[in-house]
Amino acid sequence: MSFNFEDSLFSNCSQDTPLAQRSRPQDFSQLVGQTHFLNDRFKKILETGRWCSFIFWGPPGTGKTTLATLIAKTTQRPFESLSAVVCGVKEIKEVLERSRLSFKSGRPAHVLFIDEVHRLNKSQQDVLLPFLEDGSIRFIGATTENPSFEINNAIASRSMIYRFHALENRDLLTLLKRTASKNVTQEVLERIADCAHGDARKALNLLDHVCLSIDDGKPVDLQTFEEATQAQSLYYDKKSESHYDTISAFIKSVRGSDPDAAVYYLARMLEGGEDPVFIARRLIILASEDIGNANPAALMLATSCLQAVHAIGMPEARIPLAQMTTYLACSEKSNRSYQAINEAIDEVQKSGMLDIPMSLRNAPTEAMKNWGYGKNYDYPHNHESGWVDAQYLPEKIKQKRFYRPSHRGSEKKFQEFLSVRGKNPSHEDSNSCISINVN
């Protein structure tokens with residue numbers, strides 16, 4: 001298969017080099033995507049020569065390495081590239097010292113590009129600081145992880161952080177059409193763009209793979225593509241930000257009573273290889289935290305769902321998970337039990353271990369009975385209603401109310417039950433919205 005390659009920075013690479021590497025853009029005009037910051041202002045900053053260090057943050061195959069390479073070429077600076085996966089402090093220091101010598105002799109400071117920079121530990125990252133401070137290096141770090149968690153504050157404060165977005169299908173199609181030969185159909189290119197999920201490297205590698213599987217000159221149609229590539233899994237790193245973003249969207253969709261969004265994010269997690277037991281456990285937490293006594297059956301059903309997932313495993317486990325997800329999304333919601341325990345814990349931390357009323361204390365010995373332990377305790381079941389008016393909270397906080405039932409679902413009945421027994425929420429409307437901070 002012959003490809004119509006554009007000239008690139010890697011035009012002298014051997015044919016053993018992956019297609020994604022061989023077809024990197026040669027100049028800014030060939031870049032696609034990231035238009036939210038790749039504009040004339042960005043280029044003007046580079047032209048001044050006084051630009052600070054950069055951190056490029058985004059998913060794989062979105063142009064981080066390519067842009068770093070073009071910056072070095074455009075600004076006519078020596079380009080030093082390292083991967084944090086294999087390099088250590090020794091290799092980093094060697095590059096830094098070379099750049100400092102160049103800088104002190106009046107030549108341009110080097111561009112040091114470190115890919116997967118989040119893999120450097122904090123002490124390794126600190127090696128860069130003196131060189132960033134005196135301007136003897138132009139540092140560009142690339143990471144797929146959130147810099148807020150993975151990059152030293154001192155480095156982040158000396159760098160501009162640019163967020164890279166997954167490429168749109170139209171951007172991927174531009175790259176594919178630029179690279180593919182004429183016998184690859186439009187339908188195949190569109191299918192590749194769909195499978196790549198915004199990753200240019202994956203798109204070009206898929207194109208390369210399918211073209212290598214057929215004889216020169218033969219058409220590459222959808223059937224050929226499917227036979228050559230089989231099913232392509234979604235990008236979903238269970239230890240990365242995508243994991244936390246997706247489970248967060250899933251939980252918030254259920255909490256927000258949107259079963260369509262909830263089951264969509266469930267499908268994304270399952271297709272990405274997420275542990276179904278992890279999902280089932282999160283549903284149990286949600287059933288108690290967000291639904292609570294508005295529908296007490298939710299917790300029991302969520303627990304049964306976990307048992308079912310354990311018993312049958314994937315792929316069938318998707319069915320009870322979907323049933324439980326849609327059930328919880330469509331259930332009445334209340335976080336009043338969740339808030340009650342949080343408020344009670346706050347009270348304990350604030351007021352300490354207050355004295356328990358004597359009537360409520362345990363009296364296993366005669367001496368303790370003589371001291372008044374358990375004295376005057378009125379057993380509720382001795383009364384026809386099964387209830388007696390008594391004080392159970394410590395004296396100092398006897399008027400406190402932690403649990404305020406909502407007016408939704410079963411909690412409406414709880415509200416009426418407590419009202420009859422003089423347990424109206426203190427100085428608050430039980431129907432009012434309670435605000436809490438959530439992530």
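Arg-138 lies over the face of Trp-51, 5.7 Å from the ring centre. A charge counts as sitting over a ring if NZ of Lys or CZ of Arg is within 6 Å of the ring centre and within 35 degrees of the ring normal. Arg-163 likewise lies over the face of Trp-57, at 3.9 Å from the ring centre. This is a predicted model, in which local features need pLDDT of at least 70 and side-chain atom pairs count only at pLDDT 80 or more, while totals for chains, interfaces and linings use all residues. Residues are numbered from 1 along each chain as its sequence is written, and side-chain values use heavy atoms, with hydrogens and water left out.

The structure holds 13 aromatic pairs. Rings of Phe, Tyr and Trp (its six-membered ring) pair if their centres lie within 6.5 Å; planes under 30 degrees apart count as stacked, over 60 as edge-to-face and the rest as tilted. The rings of Trp-51 and Phe-54 are stacked because their centres are 5.1 Å apart and their planes are at 15 degrees. Both Trp-51 and Phe-54 are buried, where buried means under 20% relative accessible area, exposed over 50%, and partly exposed in between (1.4 Å probe, protein chains only). Trp-51 and Phe-54 also belong to one aromatic cluster with Phe-37, Phe-42, Phe-56, Tyr-162 and Phe-164.

The protein has 20 helices and 5 strands; helices (H or I, at least four residues) and strands (E, at least two) are DSSP runs, numbered from the N terminus. Of its 439 residues, 43% are buried. Helix H12 (residues 222-229) has Thr-224, Phe-225, Ala-228 and Thr-229 buried. Seen down the axis of H12, these residues fall within an arc of 105 degrees, so they line one face of the helix; the arc is that of the directions from the helix axis to the C-beta atoms. Gln-223 and Glu-227, on the other side of H12, are exposed. The cover over the buried residues of H12 includes helix H10 (186-196) and helix H11 (200-212).

Helix H11 also contains Ala-200, which is buried, with a relative accessible area of 12%. Ala-200 touches Gly-61, Leu-167, Leu-172 and Leu-175, not counting residues up to four places away in sequence; contact means heavy atoms within 4.5 Å. Ala-200 and Gly-63 are 137 residues apart in sequence, yet their C-alpha atoms are 7.8 Å apart in space.

Gly-63 leads on to a pocket. The second largest pocket has a volume of about 560 Å³. On a 1 Å grid over the protein atoms alone, a pocket is an open set of points where a 1.4 Å probe fits, with protein on both sides within 12 Å along at least five of seven lines; lining residues have an atom within 4 Å of a point. Of the 34 residues that line this pocket, Arg-24, Gly-61, Thr-62, Gly-63 and Arg-201 are the closest to its centre. Helix H3 gives the most to the lining, with 4 residues.

Some backbone positions remain. A cis peptide bond, with omega about 10 degrees, joins Met-314 and Pro-315. Ser-257, though not a glycine, has a positive phi near 60 degrees, and is partly exposed, with a relative accessible area of 37%. Asn-376, also not a glycine, has a positive phi of about 70 degrees and is exposed, with a relative accessible area of 70%.

Definitions and conventions
Grid points are joined across faces, edges and corners, and a volume is the space filled by probe spheres set on the points.
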